[in-house]
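Please look over the sequence and the model first, and then follow the notes on its pockets and its ligand.

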Amino acid sequence: MMIDEVIISRAIAEEFLREFCDFLDVDVAIAGGGPAGLTAGYYLARAKKKVVLFERKLSVGGGMWGGGMMFNKIVVQDEGKEILDEFGICSRKYQDGYFVADSVEAVSTLCSAAVKAGLRIFNSVFVEDVVVREDRVGGLVVNWSAAEIAKLHVDPMSMRAKSVVDATGHDCAVTRIVERKFGKGLNTATGKIVGEGPMSADAGERTIVENTGEVAPGLYVAGMAANAVCGGPRMGPIFGGMLLSGKKVAKIIGGG
Ligand code: 48H
């Protein structure tokens, strides 16, 4: 059989557009494909929610690839280790309460498990705004990252979701938009984005789970965005809190 270049192009374009259109109306839309977003996506998809994730970069994984200072190992505590085990990610006990895993295995396995469970990931797509309907965050406004990087004046497209998860990490990019545009205040101590505190690993890992939840009608925060929005310290390269936060947000929304 002679391989036809045009058939290859058609296969890619048609399949992509078919799925893109299918995922314009979903149960849950997640902004950001770091560990928290991928974990949330996995548990939601496994619970049969229709869930889509938009990631600004070409690759998902966020800050997990780099471990600590580009030493590509991550640390988790006992509770985080349970989630690594659920995914089948290998880890080694370093000492009581501290487990070390390979960051490349961790990202690739989280991603693979989430996609196999039914999460649809659109990479190189960034979230630039939210849709508000009946006083709720009801979807996301997305565009190609390439258009953003090149500063092209290109209008975005919108999609609908019953729930939106801000898993954009330190930036808390979606909540920042909602804080600026929604005008009704956030469900935080100040009604605004409180901001992230300095390094304190133990407190950071605890508060990240406590802070995971709904901060405006229809909008949930998970992962580092939860501490950035609600006020909690950073915790450095311990990643159990990100996994636990992703799992918690999925449970609150009704997955897992
Ligand atoms: C689409 C976007 C947009 C946008 C950003 O930073 P992440 O890894 O976030 P988490 O919360 O899953 O994990 C945090 C962790 O990596 C970390 O930074 C830790 C533990 N820090 C501790 C410390 O002390 O510093 O992933 C967020 C993802 C990234 O891939 C971004 O590219 C993506 O979100 N993103 N995607 N639209 N507007 N903004």
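**Pockets and ligand**

In this predicted model, the second largest pocket is lined by D25, V26, R133, E134, R136, V137, G138, R160, A161 and K162. The largest pocket, by contrast, is the space taken by the ligand.

Second largest pocket
- This pocket holds about 160 Å³ of space, and β1 (25-31), β8 (136-144) and β9 (157-166) each contribute at least two residues to its lining.
- Sorted by class, the lining of the second largest pocket comprises six charged, three nonpolar and one polar residue.

Largest pocket
- About 900 Å³ of space lies in the largest pocket, and of the 42 residues that line it, G62, G63, T168, G169 and H170 are the closest to its centre.
- The lining draws at least two residues from each of α2, β2, β7 and α6 (173-181), with the largest share, four residues, coming from β7.
- By class, this lining has 21 nonpolar, 14 polar and seven charged residues.

Ligand surroundings
- Of the 26 residues around the ligand, those that come nearest are E55, G63, M224, R234 and G236.
- Oxygen atoms of the ligand lie 2.8 Å from a polar backbone atom of G63, 2.8 Å from a backbone N or O atom of G236, and 3.1 Å from an N or O atom in the side chain of H170.
- Taken alone, the ligand exposes 790 Å², of which the protein buries 92%.
- The shell around the ligand consists of 12 nonpolar, 10 polar and four charged residues, and β7 supplies its largest share, three residues.

Notes. Residues are numbered from 1 along each chain as its sequence is written. This is a predicted model: local features need pLDDT of at least 70, side-chain atom pairs count only at pLDDT 80 or more; totals for chains, interfaces and linings use all residues. Side-chain values use heavy atoms; hydrogens and water are left out. A residue is near a molecule or strand if one of its heavy atoms lies within 4 Å of it. A polar contact is a pair of N or O atoms within 3.5 Å; within protein, one must be able to donate a hydrogen and the other to accept it, and residues adjacent in sequence count only if both atoms are side-chain atoms. Accessible areas come from the Shrake-Rupley method with a 1.4 Å probe; for residues, only the protein chains shown count as cover. On a 1 Å grid over the protein atoms alone, a cavity is a set of points where a 1.4 Å probe fits but cannot get out, and a pocket is an open set with protein on both sides within 12 Å along at least five of seven lines; lining residues have an atom within 4 Å of a point. A molecule sits in a cavity or pocket if more than half of its atoms lie within 2 Å of its grid points. Ala, Val, Leu, Ile, Met, Phe, Trp, Tyr, Cys and Pro count as nonpolar, Asp, Glu, Lys and Arg as charged, and the others, Gly among them, as polar. Grid points are joined across faces, edges and corners, and a volume is the space filled by probe spheres set on the points.
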